[in-house]
Amino acid sequence: MKSRKASFDRRGFLKNAAAGAAALATTSPTAKAQSEVNRPGPAASAGAPAPTEEQIARDAGNVRPPATARAVTRPGSDLMVQVVRDLGIEYVAANPGSTFEGLQESFINYGSPRNQTPEFITALHEESAVAMAHGYAKAEGKPMLALLHGTIGIQHAAMAIYNAYYDRAPVLILVGNDRGDIPSHTAADMAGLSRSFTKWDAQPKTLDEALVAIQRAYNEAITPPMAPALVVMDSELQKMDAPTGKLPGYKPPQFTTVDSSRAKEIAKGLVDAQNPRIAVGRLRTPRGVELAVELAELVGASANTAADRGPMSFPQRNALCGPGASTAYDYTLGLETRGAQASIIGPDLPTIVAQRDVTHIGFGGLDGNGSVEGGGRGGRDVNNAPPIQADAEASLPAIIEEVKRLQTADKKALIQDRRAKHAEANQRAHLQAVTQAVEMKRAGWNGSPISTARVYAELWPLIMKEDWCLSSPTFFSGNHNVQLWDHNKPYSYLGGQGAGGMGYGAPASVGAALAAKNRNRIVVNIQCDGDLNYAPGVLWTAAHHKLPLLTIMHNNRAWHQEFMYVAYMTGVRGRGTDRAHIGSTLREPYIDYTKMAAGYGMAGEGPISDPTYLAAALKRGVDSVKRGEPYMIDVITQPR
Ligand SMILES: Cc1ncc(C[n+]2csc(CCOP(=O)(O)OP(=O)(O)O)c2C)c(N)n1
């Protein structure tokens with residue numbers, strides 16, 4: 001049969017997809033081999049058939065025609081990808097866009113093995129791509145990459161960038177800009193679209209500058225205060241031939257640390273104290289957590305933690321974690337405690353907090369209040385505590401060294417004794433707290449809709465021996481993990497959205513599951529229904545990439561937080577609450593989440609409203625994710 005001649009537009013795209021398929025089938029010797037390479041395995045989408053030959057050919061027909069000779073031997077984007085790879089970035093998440101087609105082609109084809117470090121993760125929405133990077137960063141303490149389309153992609157991503165900024169999460173972002181393309185996808189100042197909530201951006205004009213800018217953005221993102229950093233990548237730089245291009249040398253950032261006299265002073269304070277206390281907020285990386293534990297153990301200090309409120313804090317069930325044998329602390333040290341209150345302060349005692357940007361709106365740190373974080377004896381108003389503008393994690397090694405130098409045999413014996421007393425007191429306090437919590441959480445145990453406490457209580461024994469990460473914010477589902485679960489790993493609980501932007505929980509959980517995937521870890525997402533509905537396509541990403549993600553719907557069939565506000569307002573105005581559901585509930589029809597999950601290729605079950613069915617369903621869910629297959633359980637829950 002004679003093949004139809006395909007015609008191509010200015011940019012090399014086929015004008016007619018059918019012609020494209022035919023042309024590809026007849027002209028490309030690699031088409032068949034290519035389709036075999038790309039075809040997913042049988043389990044790719046939970047029972048859905050694999051794409052047909054015809055479909056793959058049709059998809060392939062929309063790309064440039066096969067070139068007989070390679071016009072570009074070493075595209076600039078190969079070098080960009082190499083720089084990203086050398087930074088150890090594991091994943092790049094993107095929703096496709098022609099402003100970065102050069103980069104995308106390099107990500108999936110350049111280097112060996114192809115499409116690894118980073119692996120290309122398919123996002124169905126740019127907001128999801130950035131929120132995935134946000135969740136990943138909180139789990140691992142380092143950035144992954146989000147790749148965004150010019151103007152429209154970055155606008156879709158904006159809220160997720162804002163959440164990450166407010167949460168001080170390091171996220172690396174590249175945005176395509178194609179000046180020869182559609183004007184509406186091009187901008188003279190692309191980064192300006194998100195500049196008030198990114199830490200740093202650049203729009204390099206040469207390839208050399210572009211490569212350096214990626215490294216600089218990475219460094220800016222991971223340097224406290226950590227935040228998203230963004231580079232605009234001109235499409236010409238991505239596509240240009242750069243056979244002699246050189247990779248720039250990489251220098252890791254230097255973090256501000258306490259100076260040696262301050263390190264000595266802090267060490268002396270800790271060693272000389274009768275009852276030192278260390279308060280730990282959110283450190284930068286898991287290494288910071290190790291160092292904080294080392295210091296507390298060396299000096300026998302009791303410690304408090306934010307691990308039940310967010311990642312990278314002191315392990316909750318470490319023997320030193322808790323109020324300790326006495327709360328009469330005579331020396332307290334805060335390490336990255338949240339916000340300006342910076343923990344427990346005694347008169348003239350130092351606190352190390354992250355250097356923070358005071359020029360941005362409401363960005364004086366994270367939330368919390370002194371009484372929750374603190375508890376120090378006779379502390380003056382914590383907001384007046386003079387912080388040391390230094391990174392706690394980077395400062396700890398010098399303090400630890402000094403402590404080791406100052407310790408005498410006598411002191412060591414005292415410390416050992418103190419540690420044993422703290423351990424005993426903390427164990428007692430913990431048992432008391434859990435007993436009280438369990439008593440309280442029995443309320444409504446057998447009720448339907450199902451009590452949120454029961455969901456947490458029945459899940460805990462199933463995961464407590466696993467390496468787990470609770471990825472979703474839990475404020476709206478009762479926060480029961482705080483009292484019922486032990487948060488011992490830097491990534492045990494990833495905390496809130498940052499800026500309270502809904503549509504975060506599901507994609508951040510996918511990011512956490514990316515972090516978990518090759519680390520034999522499972523991820524639990526207690527998923528609010530309203531939150532999922534902003535961009536539910538992220539379920540497909542979890543299914544497609546086979547992520548160990550257990551999603552348990554906290555399906556209260558409402559944006560309940562807002563329902564409460566509206567109900568309150570109707571009460572204040574004396575007009576009755578009977579219409580408060582209008583605009584704040586998800587009824588008529590109810591949304592069928594297991595069908596939604598199935599549509600995206602994710603296995604699941606529900607809706608479950610009889611609590612006696614819950615435990616068995618949770619067990620099936622945990623078993624599924626332990627096999628590496630994401631699973632959803634739709635639970636009809638109490639509002640809170
Ligand atoms: C992007 C965005 N839009 C709207 C809001 C306002 N808002 C705050 S809480 C909330 C309800 C969230 O509903 P859901 O996630 O189902 O949690 P629930 O309160 O029902 O437990 C909304 C809409 C927001 N915070 N973020």
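This is a predicted model: local features need pLDDT of at least 70, side-chain atom pairs count only at pLDDT 80 or more; totals for chains, interfaces and linings use all residues.
1. A point of reference for the backbone comes before the particular cases. Most peptide bonds are trans, and most residues other than glycine have a negative phi.

2. The peptide bond that runs from Thr-117 to Pro-118 is cis, and its omega is near 0 degrees. Pro-118 has its place in the loop that lies between helix α5 (101–109) and strand β2 (119–122).

3. A cis peptide bond also joins Glu-588 and Pro-589, where omega is about 5 degrees. Here the proline, Pro-589, is found in the loop between two helices, α20 (560–572) and α21 (593–599).

4. Turning to phi, Arg-168 has a positive value near 55 degrees, although this residue is not a glycine. Arg-168 belongs to the loop between helix α7 (152–166) and strand β4 (172–177). Is Arg-168 buried or exposed? The relative accessible area of Arg-168 is 12%, and because buried means under 20%, this arginine counts as buried.

5. Asn-520 is likewise not a glycine, yet its phi is positive, at about 60 degrees. The loop that holds Asn-520 lies between helix α17 (505–517) and strand β13 (522–528). With a relative accessibility of 73%, Asn-520 counts as exposed, because the cut-off for that word is over 50%. Read side by side, Arg-168 is buried, whereas Asn-520 is exposed.

Conventions. Residues are numbered from 1 along each chain as its sequence is written. Side-chain values use heavy atoms; hydrogens and water are left out. Helices (H or I, at least four residues) and strands (E, at least two) are DSSP runs, numbered from the N terminus. Buried means under 20% relative accessible area, exposed over 50%, partly exposed in between (1.4 Å probe, protein chains only).
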